[in-house]
Amino acid sequence: MLKASNIHKSFDTLHVLKGVSLEVAKGEVISIVGSSGAGKTTLLQVLGTLTQADKGEIWMNGKDISKLSSKKLSQFRNENIGFVFQFHHLLPEFTALENVSIPGWIAKRDAKEVEQNAIELLELLSLKDRLHHKPNELSGGERQRVAVARALINNPSIVLADEPSGSLDTTNKEELYELIYKLREKYNQTFVIVTHDKSFAQYTDRMLTIKDGVMEK
């Protein structure tokens, strides 16, 4: 489903990724762990096409996305990749329903269809009573669930999560873990999760470790 081969990435003289390769199957939930500065977030950004690798190939659903033009890559990203970040990045002036709907609007989907999909996702994530609440009216766990719903609104092939449990307490971490597997069961959704939290990572199907820009075997 996702295959990265020999990924290299440098920033000036700092060689961050040094030939990283990995494969992820459809419906798999994997975690990538490593110390600060090991290259976890850079790898996730490269896999998500937010940063271009200096060398290497990325294939998703049989397509070599490393060769797409900037315009086609932006379209591919919006249609096929969902993102969840540690600090949610919800827009404060919009409600939960509107925040979830935004990627669908960007994709120029039918507005009513997008809204209905957003409502269904928010209800699935136990946020039925929070549709019209703005981020500052939600708890940390609720904001993270809104962010997960937003990542799913365009039915992406894969969801990439960067430290999704980093700002959550123990109870909300457990709820997020249960939520991820609930979504995998319902939608056969694929997740790649970057985290420093090994207690969270150990529950995933596979835990990969990156050290000094190299994936340990």
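A salt bridge is a side-chain nitrogen of Lys or Arg within 4 Å of a carboxyl oxygen of Asp or Glu. The exercises below use this cut-off on a predicted model.

**Exercise 1. Find out whether Asp162 is buried or exposed, and what its side chain contacts.**

Solution. 
- Step 1: Locate the residue. Asp162 belongs to strand E7, which covers residues 158–162.
- Step 2: Check its surroundings. Asp162 is buried.
- Step 3: Look for a partner of opposite charge. The nearest such side chain is that of Lys40, 7.2 Å away.
- Step 4: Apply the cut-off. A salt bridge needs the nitrogen and oxygen within 4 Å, and Asp162 has no salt bridge.
- Step 5: Look for another polar partner. The side chains of Asp162 and Thr41 make a polar contact at 3.3 Å.

**Exercise 2. State how many salt bridges the structure holds, and describe the one between Lys9 and Asp54.**

Solution. 
- Step 1: Take the total. There are 7 salt bridges in the structure.
- Step 2: Take the distance for this pair. From N to O, Lys9 and Asp54 are 3.8 Å apart.
- Step 3: Lys9 sits in strand E1 (residues 2–11), while Asp54 sits in the loop between helix H1 (40–47) and E4. The two are 45 residues apart, and the pair links distant parts of the chain.
- Step 4: Compare accessibility with the cut-offs, under 20% for buried and over 50% for exposed. Lys9 has a relative accessible area of 10%, so Lys9 is buried. Asp54 is at 48% and therefore counts as partly exposed.

**Exercise 3. Describe the salt bridge of Lys67 with Glu57, and name the network that Glu57 and Lys67 belong to.**

Solution. 
- Step 1: Take the distance. The closest N and O atoms of Lys67 and Glu57 are 3.7 Å apart.
- Step 2: Place the residues. Because Lys67 is in the loop between E5 and H2 and Glu57 is in strand E4, the bridge ties together parts 10 residues apart in sequence.
- Step 3: Classify each end. Lys67, at 61% relative accessibility, counts as exposed; Glu57, at 33%, counts as partly exposed.
- Step 4: Follow the shared partners. Salt bridges join Glu57, Asp64 and Lys67 into one network.

**Exercise 4. Describe the largest pocket by volume, lining and class of residue.**

Solution. 
- Step 1: Take the volume, about 410 Å³.
- Step 2: Find the residues at the centre. The lining has 19 residues, and the closest to the centre are Asn78, Ile81, Phe83, Pro103 and Arg150.
- Step 3: Assign the lining to elements. Two or more residues come from each of helix H2 (70–80), strand E6 (81–85), helix H3 (96–106) and helix H5 (140–152).
- Step 4: Sort by class. The lining has 11 nonpolar, 6 polar and 2 charged residues.

**Exercise 5. Determine which residues line the largest cavity and which classes they belong to.**

Solution. 
- Step 1: The structure holds 1 cavity of 30 Å³ or more.
- Step 2: Take the space inside, about 40 Å³.
- Step 3: List the lining. The residues are Val84, Val148, Val159, Ala161, Pro164, Leu176, Ile180 and Phe191.
- Step 4: Assign elements. E7 and helix H6 (170–187) each supply at least two of the lining residues.
- Step 5: Sort by class. The lining has 8 nonpolar residues, with no polar and no charged ones.

Key:
Residues are numbered from 1 along each chain as its sequence is written. This is a predicted model: local features need pLDDT of at least 70, side-chain atom pairs count only at pLDDT 80 or more; totals for chains, interfaces and linings use all residues. Side-chain values use heavy atoms; hydrogens and water are left out. On a 1 Å grid over the protein atoms alone, a cavity is a set of points where a 1.4 Å probe fits but cannot get out, and a pocket is an open set with protein on both sides within 12 Å along at least five of seven lines; lining residues have an atom within 4 Å of a point. Grid points are joined across faces, edges and corners, and a volume is the space filled by probe spheres set on the points. Helices (H or I, at least four residues) and strands (E, at least two) are DSSP runs, numbered from the N terminus. Ala, Val, Leu, Ile, Met, Phe, Trp, Tyr, Cys and Pro count as nonpolar, Asp, Glu, Lys and Arg as charged, and the others, Gly among them, as polar. Buried means under 20% relative accessible area, exposed over 50%, partly exposed in between (1.4 Å probe, protein chains only). Lys and Arg count as positive and Asp and Glu as negative; His and the chain ends are not counted. A polar contact is a pair of N or O atoms within 3.5 Å; within protein, one must be able to donate a hydrogen and the other to accept it, and residues adjacent in sequence count only if both atoms are side-chain atoms.
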